[in-house]
Amino acid sequence: MPMRNYKLQNHNGTAVTRVVWRAESQIRFREIELRRPLEGGQNIEFLVGQGRIDFCFEFANGTRVFSPGIDDTFSFFLIPKTETRAVTGRCDDTL
């Protein structure tokens, strides 16, 4: 699968502890290794597949956000200061 560089920027006050993604046409999610939690104001770069992807990240407070259908026009994902889509649970709940 062709890959592309992608950046996740956390502007939220809560750290992100886990990130997973999958190509929209695939079943399997791939976990992105975080060496430490992604604190507010930090960013990481990683590789994802090309085309539309589904994306899930977990916060340290036990909530997660599932963001489907991010396409090639986006090279980054901003986690806003207030994330209204966050729900209790882990990314495993969406797999």
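Strand 4 contributes four residues to the lining of the largest pocket, the most of any element. The model is predicted, so local features need pLDDT of at least 70 and side-chain atom pairs count only at pLDDT 80 or more, while totals for chains, interfaces and linings use all residues. Residues are numbered from 1 along each chain as its sequence is written, and side-chain values use heavy atoms, with hydrogens and water left out. Strands (E, at least two residues) are DSSP runs, numbered from the N terminus.

**Largest pocket**

- The space in the largest pocket comes to about 230 Å³.
- Its lining consists of I32, E33, L34, R35, R36, P37, L38, Q42, N43, I44, E45 and F46.
- A pocket is an open set of points on a 1 Å grid over the protein atoms alone, where a 1.4 Å probe fits, with protein on both sides within 12 Å along at least five of seven lines; lining residues have an atom within 4 Å of a point.
- Grid points are joined across faces, edges and corners, and the volume is the space filled by probe spheres set on the points.

**Nonpolar core**

- The largest nonpolar core has 18 residues, and L8, V16, V19, F55, F57 and F77 have the most contacts inside it.
- Two or more residues each come from strand 1 (3-10), strand 2 (16-23), strand 4 (43-49), strand 5 (53-59), strand 6 (63-70) and strand 7 (76-79).
- Strand 5 gives the most to this core, with four residues.
- Such a core is a set of buried Ala, Val, Leu, Ile, Met, Phe, Trp, Tyr and Cys residues joined through side-chain atoms within 4.5 Å.
- Buried means under 20% relative accessible area, exposed over 50%, and partly exposed in between (1.4 Å probe, protein chains only).
- Not counting residues up to four places away in sequence, V16 touches N10, L34, P37, L38, F57, E58, F59 and I79; contact means heavy atoms within 4.5 Å.

**Aromatic pairs**

- There are eight aromatic pairs in the structure.
- Rings of Phe, Tyr and Trp (its six-membered ring) pair if their centres lie within 6.5 Å; planes under 30 degrees apart count as stacked, over 60 as edge-to-face and the rest as tilted.
- F29 and F66 form a tilted pair, 6.4 Å centre to centre with 50 degrees between the planes.
- F29 lies in the loop between strand 2 and strand 3 (30-32) and F66 in strand 6, so this pair ties together parts that are 37 residues apart in sequence.
- F29 is buried at 13% relative accessible area, whereas F66 is partly exposed at 27%.
- F57 and F77 form an edge-to-face pair, 5.7 Å centre to centre with 65 degrees between the planes.
- Because F57 lies in strand 5 and F77 in strand 7, the pair ties together parts that are 20 residues apart in sequence.
- F57 is buried at 0% relative accessibility, and F77 is buried at 11%.
- Ring pairs also link Y6, F46, F55, F57, F59 and F77 into a cluster.

- F55 is in strand 5 and is buried, with a relative accessible area of 0%.
- F55 and W21 are 34 residues apart in sequence and 4.4 Å apart in space, C-alpha to C-alpha.
- Leaving aside neighbours within four places in sequence, the contacts of F55 include L8, V19, F46, S67 and F77.
- S67 belongs to strand 6 and is buried, at 3% relative accessible area.
- The S67 side chain makes a polar contact with the side chain of R85 (3.0 Å).
- A polar contact is a pair of N or O atoms within 3.5 Å; within protein, one must be able to donate a hydrogen and the other to accept it, and residues adjacent in sequence count only if both atoms are side-chain atoms.
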